[in-house]
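Student: I would like a close look at one part of this protein. Pick a single residue to begin with, then take me on to the ligand site.

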Amino acid sequence: MKEERTAICARTHESTERITVRARGELYESLEQHIVLYKRIATLYSAESLLEACEKLADILSGLCKYRFLKVLLWNSKLNRYDAVMKTGDRDEGAAKRFYCDQALLDWAMESDSASVVPVEDAELIHRDVRSMLLIPVRGRQKALGCVLVWGDLDATESNPLLLQSLDVLSKAFGGIVENISLTQRYQRTANMLDDIIESVPHAVLAVSADDCVIACNRNAEFLFDFKRAFVLGEPLGDILPPKVAAAMEALSIAAISGSEEIDHELDYTLPNEGKITMGISTSRLHDKDGRVRGVLFICRDMTLSREVQKLRELDQMKSEFVHTVSHELKTPLTAIMGGSEILCEDKYQFTEQQGQILDIVVENAYRLKELINDLLDLSRLETGRLSLDCLPCDLGSIASEVACIFAGNKNSCDVTINAPEQIPVINGDPDKLKQVFQNLIGNAVKYSPDGGTVDVSFEWDDKGVAAKVTDHGIGMPGEQLPFIWDKFYRVDSSTTSNIEGTGLGLAIARHIIELHGGTVSVTSEPGCGSTFTFTIPIK
Ligand code: ADP
């Protein structure tokens, strides 16, 4: 009995030992598998791009289950759809199309906590031994990011808790990496944009730390101070700038850090090409997001240029004011001269022939002077913005016809034809000013054409605006002169124009008026053949 019990005990011990050894073996095996898996998952973290992370994921999954096709889908919240960021496996085009999952299932899988397996129903796929689809959610720290779909003969997956556990670890690791990569890309984009902004500043930008070492600079700073960015980053100002500039900036930096929010300073500076400029330096403190002062930002610009432009602007303004005042002052005595000479003209019969001729010359020149003064006043009003438009709905055809009548009565004048169909759209404009434009353009066309010539006014239009064209067959102009004829006082210098009177103001006035209406002017011309002046007025 005792022997029997001993034998039973020995057998029991033996089998317990066998079970323990087997269990230990399984445990070791599982541990080993986990270690291998974690080592492989660790490789995911070295991925620098989304594609590289997906490739590593595909590689790890191929060690966990044999698959035929794999797709990584990430949710694109901007476009409200899943983007396939990687597909790998069966290269057969026809088969690849069959690896499909409808959106409802994807939505469900993306939001679920762990991987799931669904049977495949497509007979063609089953025929190819693809019996199931594994859906692995990709979860970020806060939200679901997408789903990894794996097709193969994966029926055993659900009954393999170790595999499901491994997939869970893998899904979390992959989600974290996807999130990190997209964050890095976003930071990179922001950093690039900041670089672009600094580069777009039209002045030299130099950022320095609180101990006056260069943190950042733009290309304009490289040109202005003749250094290369790569060699100056981290270097003290004193080592990279001329002593005078470095000393000025160091002093400005102390002042900025110790309190003054913005300081401007000017100093004479010799450029790398030996040119001399007055350099303006504006300073402001660099704060971090907690408000701590981290350094100083210098913006350096060439003041010489902006000062000259400013001076020219002031001179131009003064000139316009002067012309305006003088013209105005001339008007009063001229009115008296014209009034007096008109009275004398009424009693012309009392004068000798020679006195009568002198009176005619006085009257003619008084009228010319009046026209010149009126042009000068108009131009100075237009240039100084003193002239405003009284806009009404206008028919350009009727305005042109009215102007043509003025020329119709002139002896030896040209024949002015207006081709104005009734359908010309009505524009919003100042009829008096537009009349002046036609007067100047038709007047020129007549003036620069031989006696008895022809001038045509025609119109074109679309839904954006109306174009009026004044065409003559007169003396024309050489192409190289055309860009300048719209400038005030400019007259084409040629033997043919020297005996034609003019002030060189008519086209400048016309251009200003048209531009005030939001339109444009242009001209084509050929010497000896004639010219076409076109202006357009938008339909608002
Ligand atoms: P002006 O009083 O001298 O005519 P504008 O400003 O009207 O002044 O014109 C400037 C110059 O453009 C003119 O002096 C003339 O040389 C040239 N020009 C203008 N219109 C014509 C034209 N239709 N044909 C030839 N030359 C023209």
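Tutor: Start with Tyr187. This is a predicted model, and Tyr187 has a relative accessibility of 60%. Exposed means over 50%, so Tyr187 counts as exposed. Tyr187 sits in helix α6, which covers residues 161-200. Now look along the chain. Asp360 comes 173 residues away from Tyr187, and 83 Å separate their C-alpha atoms.

Next, the domains. The domain assignment lists domain 1 (47-189), domain 2 (199-303), domain 3 (308-384) and domain 4 (392-538). Taken over C-alpha atoms, the centres of domain 1 and domain 2 are 52 Å apart.

Turn to the hairpin. Strand β1 (residues 67-76) and strand β2 (residues 81-89) run antiparallel, joined by 8 bridges. Between β1 and β2 lie 4 residues. Asn80 is in that turn, and its phi is positive, about 60 degrees.

Last, the ligand. There are 20 residues around the ligand. Those that come nearest are Asn444, Tyr448, Asp472, Arg491 and Leu507. In the side chain of Arg491, an N or O atom is 2.5 Å from a ligand oxygen. For the side chain of Lys447, the corresponding distance to a ligand oxygen is 3.1 Å. Gly506 uses its backbone: a polar atom there is 3.2 Å from an oxygen of the ligand. Finish with the area. Alone, the ligand exposes 530 Å², and the protein buries 98% of that.

Definitions and conventions
Residues are numbered from 1 along each chain as its sequence is written. This is a predicted model: local features need pLDDT of at least 70, side-chain atom pairs count only at pLDDT 80 or more; totals for chains, interfaces and linings use all residues. Side-chain values use heavy atoms; hydrogens and water are left out. Helices (H or I, at least four residues) and strands (E, at least two) are DSSP runs, numbered from the N terminus. Buried means under 20% relative accessible area, exposed over 50%, partly exposed in between (1.4 Å probe, protein chains only). Two strands pair if DSSP finds at least two bridges between them. Domain bounds come from an automatic or database domain assignment. A residue is near a molecule or strand if one of its heavy atoms lies within 4 Å of it. A polar contact is a pair of N or O atoms within 3.5 Å; within protein, one must be able to donate a hydrogen and the other to accept it, and residues adjacent in sequence count only if both atoms are side-chain atoms. Accessible areas come from the Shrake-Rupley method with a 1.4 Å probe; for residues, only the protein chains shown count as cover.
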